[in-house]
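Please have the model open as you read.

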Amino acid sequence: MIEMDKRINLTGLSQAELVSFIEQTGEPAYRGRQIFAALQHRRLQSFADMSDLPRALRERLNETAAASTLTVESRYLSEDGTRRFLMKTYDNLPVETVFIPEERRDTICFSSQSGCPLQCTFCLTAQLGLLRSLTPGEIVEQVIIALNDAYGLGEKPPRGTNLVGMGAGEPFLNFDSLMKAVRIMADPQGLFIVPHRITVSTAGVVPRIRELAAIPDRPNLAISLAAPTDELRDELMPINKKWPLEELLGACREFERTLKPGERFTFEYVMLDGVNDSDEQARQLANLLNRHELHARVNLIPHNQADPLPYQPSPATRVEMFKSILESKGIRSFVRRPRGRDIFAACGQLAAVTQNVGLRVVEV
Ligand code: SF4
């Protein structure tokens, strides 16, 4: 185990920070740039592999810094090629990451926290509670591990990469680390995954939605709604008691007004059989969004059944009916078909630590 209290995780440093860290050790600035490229562009995860660095420097780095801190404990493979990684932090906490192959561009779903403090009743992660928020380095490293696993060490993704922050945790309760990871990953000399290739989903942390609205280079935003009324949303997503729908949708409206061409803003609506999927609820949802003059698309996501949660996915015919009601009222909507990929579906539908329903475990 790495004693991170003594070592600094270099994966969580921007290029400028890494240069300054290296300069403080008496090395020239170009070594810092070299190490940044080794970590973020070549995606090397140990100093030993950086054979273009002098041996003495590598040995010194090993004493004061870490090139990686996460270890992959298991890897699960779905029929359609989706891969889920169960990792452990240096202090032994679970982190889950999903790689989803897609026709046009592969997607990696990363976690922002180990566990989650929010108590959404349809989400298995909620049952873990919050273990801790992840550092910027731990967020970036999930992406590096998934890319290396999918394409080979340092190999360029053939079709580019989309990222979604819909894994475990509420990203907006770890906002600074999230935004730092976003900036590190955007570096053209590193991973070069720009913010508009990233979508972050929130359960509705209103102050951070407002904050994001003022940031020019930002990831796309998705809001997990799950209910058209406060009464039901209080029950399904208790965060609603703190920031009820009026306040949330007011902030969404302000955010929508700041959208620039090419930026995406969506609502996610997990569909729970007999709970939030009636015709009346579809009308309530459409009226709610129309009343707030919101134009964002609604992604309808059939719930991923997972014991011991008391919910079933809405039947396909129900989902279609819900969609047609939304569309008849001018709300654009899209149904995410349940496939292996829907293990990442809504905000935080990653299962808890030992959950691997329908997935094949692969040797690591
Ligand atoms: S749905 Fe997202 S915000 Fe809600 S408990 Fe799960 S991980 Fe947390």
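H4 passes H5 in a right-handed crossing, where right-handed means that the near helix is turned clockwise from the far one by less than a right angle, and left-handed means anticlockwise. This is a predicted model, in which local features need pLDDT of at least 70 and side-chain atom pairs count only at pLDDT 80 or more, while totals for chains, interfaces and linings use all residues. Residues are numbered from 1 along each chain as its sequence is written, and side-chain values use heavy atoms, with hydrogens and water left out. Helices (H or I, at least four residues) and strands (E, at least two) are DSSP runs, numbered from the N terminus.

**H4 and H5**

- Helix H4 (residues 136–151) packs against helix H5 (residues 175–186) at an angle of about 50°, and their axes are 8 Å apart; axes are lines fitted to C-alpha atoms, for helices over the stretch in contact, and angles run from 0 to 180 degrees between N-to-C directions.
- That angle makes H4 oblique to H5 (under 35 degrees counts as roughly parallel, over 145 as roughly antiparallel, 65 to 115 as roughly perpendicular and the rest as oblique).
- On the H4 side, the contact (heavy atoms within 4.5 Å) is made by Pro 136, Ile 139, Val 140 and Val 143, and H5 brings Ser 177, Leu 178, Lys 180, Ala 181, Ile 184 and Met 185.
- The contact of H4 with H5 has 8 nonpolar, 1 polar and 1 charged residues; Ala, Val, Leu, Ile, Met, Phe, Trp, Tyr, Cys and Pro count as nonpolar, Asp, Glu, Lys and Arg as charged, and the others, Gly among them, as polar.

**H1 and H2**

- The axes of helix H1 (residues 15–24) and helix H2 (residues 29–40) cross at roughly 130° and come within 8 Å.
- H1 and H2 are therefore oblique to each other.
- H1 passes H2 in a right-handed crossing.
- Residues of H1 that meet H2 include Leu 18, Val 19 and Ile 22, and among their partners in H2 are Ile 35, Phe 36 and Leu 39.
- By class, the contact of H1 with H2 divides into 7 nonpolar, 2 polar and 3 charged residues.

**H6 and H9**

- Helix H6 (residues 206–213) and helix H9 (residues 245–257) pack at about 5°, with axes 9 Å apart.
- That makes H6 roughly parallel to H9.
- The contact of H6 with H9 has 7 nonpolar, no polar and 3 charged residues.

**Cavities and a pocket**

- The whole structure holds 2 cavities of 30 Å³ or more; on a 1 Å grid over the protein atoms alone, a cavity is a set of points where a 1.4 Å probe fits but cannot get out, a pocket is an open set with protein on both sides within 12 Å along at least five of seven lines, and lining residues have an atom within 4 Å of a point.
- The second largest cavity contains about 50 Å³ of space, a volume being the space filled by probe spheres set on the points, with grid points joined across faces, edges and corners.
- Of its 11 lining residues, Pro 94, Val 95, Glu 96, Leu 128 and Ala 168 are the closest to its centre.
- The second largest pocket has a volume of about 400 Å³, and Lys 156, Pro 157, Leu 191, Phe 192 and Ile 193 lie nearest its centre among 18 lining residues.
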